[in-house]
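Please look through the sequence and the model shown here before reading on. The paragraphs that follow go from the overall fold to the packing of individual helices.

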Amino acid sequence: MIDLKVFLTKDSFADKIESMVLTGEYSYFEAVVEFAAECDKSPEELVPFMSQVLVDKVRKAACDSGLIDTKENTDLDSFLV
């Protein structure tokens with residue numbers, strides 16, 4: 001198992017997610033979920049590597065796709081847990 005703390009920083013994580021989104025295949029939310037699957041991790045385990053900007057983009061993508069309601073869920077952590 002790869003220890004993400006050794007290889008992953010907030011900047012490198014954001015770069016990876018941004019590159020996945022730029023391909024047009026993924027929303028920010030989908031990119032985080034896919035990256036977590038590739039690393040054999042849960043999305044919750046990736047939250048510490050997310051900058052506030054990335055958290056906001058993931059939250060917006062989840063809201064836009066109808067996965068969460070912004071009126072009820074303002075905190076990404078509460079959605080992921």
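How many helices and how many strands are there in the protein chain? The protein chain holds six helices and zero strands, where helices (H or I, at least four residues) and strands (E, at least two) are DSSP runs numbered from the N terminus. This is a predicted model, in which local features need pLDDT of at least 70 and side-chain atom pairs count only at pLDDT 80 or more, while totals for chains, interfaces and linings use all residues. Residues are numbered from 1 along each chain as its sequence is written, and side-chain values use heavy atoms, with hydrogens and water left out.

Of the 81 residues of the protein chain, 35% count as buried, a term that means under 20% relative accessible area, with exposed meaning over 50% and partly exposed in between (1.4 Å probe, protein chains only). The largest nonpolar core has 24 residues, such a core being a set of buried Ala, Val, Leu, Ile, Met, Phe, Trp, Tyr and Cys residues joined through side-chain atoms within 4.5 Å. Those with the most contacts inside this core are Phe13, Ile17, Phe35, Leu46, Met50 and Leu54. At least two residues of this core come from each of helix 2 (10-22), helix 3 (28-38) and helix 5 (52-64). Leaving aside its neighbours within four places in sequence, Phe13 is in contact (heavy atoms within 4.5 Å) with Leu8, Val32, Phe35, Leu46, Phe49, Met50 and Leu54.

Helix 2 deserves a separate look. Its buried residues are Phe13, Ala14, Ile17, Met20 and Val21. They cover an arc of only 125° around the axis, which puts them on the same side of helix 2; the arc is that of the directions from the helix axis to the C-beta atoms. The face turned away from this buried side of helix 2 carries the exposed residues Asp11, Asp15 and Leu22. What covers the buried residues of helix 2 includes helix 3, helix 4 (43-46) and helix 5. Helix 2 is followed by Gly24, whose phi is positive, near 85°.

In helix 3, the buried residues are Tyr28, Phe29, Ala31, Val32, Phe35 and Ala36. Seen down the axis of helix 3, these fall within an arc of 165°, so they line one face of the helix. Where helix 2 meets helix 3, Phe13, Lys16, Ile17, Glu18, Met20 and Val21 face Tyr28, Ala31, Val32, Glu34, Phe35 and Glu38 in contact.
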